[in-house]
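Hello,

Here is the structure we talked about handing over. Please have a look at it first; my notes follow below.

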Amino acid sequence: DETIKIWDIKTGECLNTLKGHSDWVNSVIITPDGKYIVSGSYDETIKIWDIKTGECLNTLKGHSHYVSSVAISPDGKYIVSGSDDETIKIWDIKTGECLNTLKGHSDWVNSVIITPDGKYIVSGSYDETIKIWDIKTGECLNTLKGHSHYVSSVAISPDGKYIVSGSDDETIKIW
């Protein structure tokens with residue numbers, strides 16, 4: 001319904017409904033300090049919201065197709081977004097400036113995450129691969145192949161030693 005809802009985890013009560021996207025909301029994340037929500041949408045935008053007031057503080061534009069996934073660096077300084085335009089973008093959370101556009105996937109980027117140390121981005125794509133990127137240089141350091149259908153989701157263990165990927169091939173792989 002193009003909204004974001006904030007829920008009380010104990011009571012299950014909806015505390016606020018954030019309106020501002022003009023299409024489906026695909027991904028949401030809360031900044032490490034708990035002050036902001038970042039959302040990605042089919043409307044090709046990323047929005048930064050004040051969690052207390054529900055106010056939209058900034059709208060980031062730059063993807064040419066819908067935003068499928070958003071992640072926040074552990075220090076809260078950067079937003080990383082994956083899109084169906086086959087790119088990953090790194091944004092400065094304070095200014096909203098796009099700092100880098102990473103290209104290397106040959107199909108939609110479904111999922112992005114940042115390692116706990118903040119040094120690497122991991123992405124999963126419709127091209128059936130997982131890529132590991134250097135967040136500072138934007139260089140693709142490794143491409144992991146092993147799924148026989150698109151990668152729908154990636155996660156990283158808290159110690160940063162393992163990547164987990166889920167795929168439409170009905171498997172979960174640990175790397």
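**Aromatic pairs**

A search of the whole structure finds five aromatic pairs. Rings of Phe, Tyr and Trp (its six-membered ring) pair if their centres lie within 6.5 Å; planes under 30 degrees apart count as stacked, over 60 as edge-to-face and the rest as tilted. One of the pairs is Y66 with W108, and it is edge-to-face. The centres are 6.1 Å apart, with 65 degrees between the planes. Y66 lies in the loop between β6 (56-61) and β7, and W108 in the loop between β10 and β11 (109-114), so the pair ties together parts 42 residues apart in sequence. Strands here are DSSP runs (E, at least two residues), numbered from the N terminus.

This is a predicted model: local features need pLDDT of at least 70, side-chain atom pairs count only at pLDDT 80 or more, and totals for chains, interfaces and linings use all residues. Residues are numbered from 1 along each chain as its sequence is written, and side-chain values use heavy atoms, with hydrogens and water left out.

W108 counts as partly exposed, at 30%. The cut-offs: buried means under 20% relative accessible area, exposed over 50%, partly exposed in between (1.4 Å probe, protein chains only).

Y126 and Y150 form a stacked pair. Their centres are 4.1 Å apart, with 5 degrees between the planes. Y126 sits in the loop between β12 (120-125) and β13 (129-134), Y150 in the loop between β14 (140-145) and β15 (151-156), so this pair ties together parts 24 residues apart in sequence. Y126 is partly exposed, with a relative accessible area of 30%. Y150 is buried, at 19%.

Ring pairs link W24, Y42, Y66, W108, Y126 and Y150 into a cluster.

**Strand β7 and its sheet**

Six of the six residues of β7 (residues 67-72) are buried, so the strand is largely enclosed by the rest of the structure. Five bridges join β7 to β8 (residues 78-83), and the two run antiparallel. Two strands pair if DSSP finds at least two bridges between them. S69 stands opposite G82 in β8, and A71 opposite V80. The hairpin of β7 and β8 has five residues between the strands; there, G76 takes a positive phi near 75 degrees.

Both strands belong to an open sheet of four, in the order β7-β8-β9-β10, with antiparallel pairing. β7 and β10 (98-103) are the edge strands, each pairing on one side only.

Best wishes
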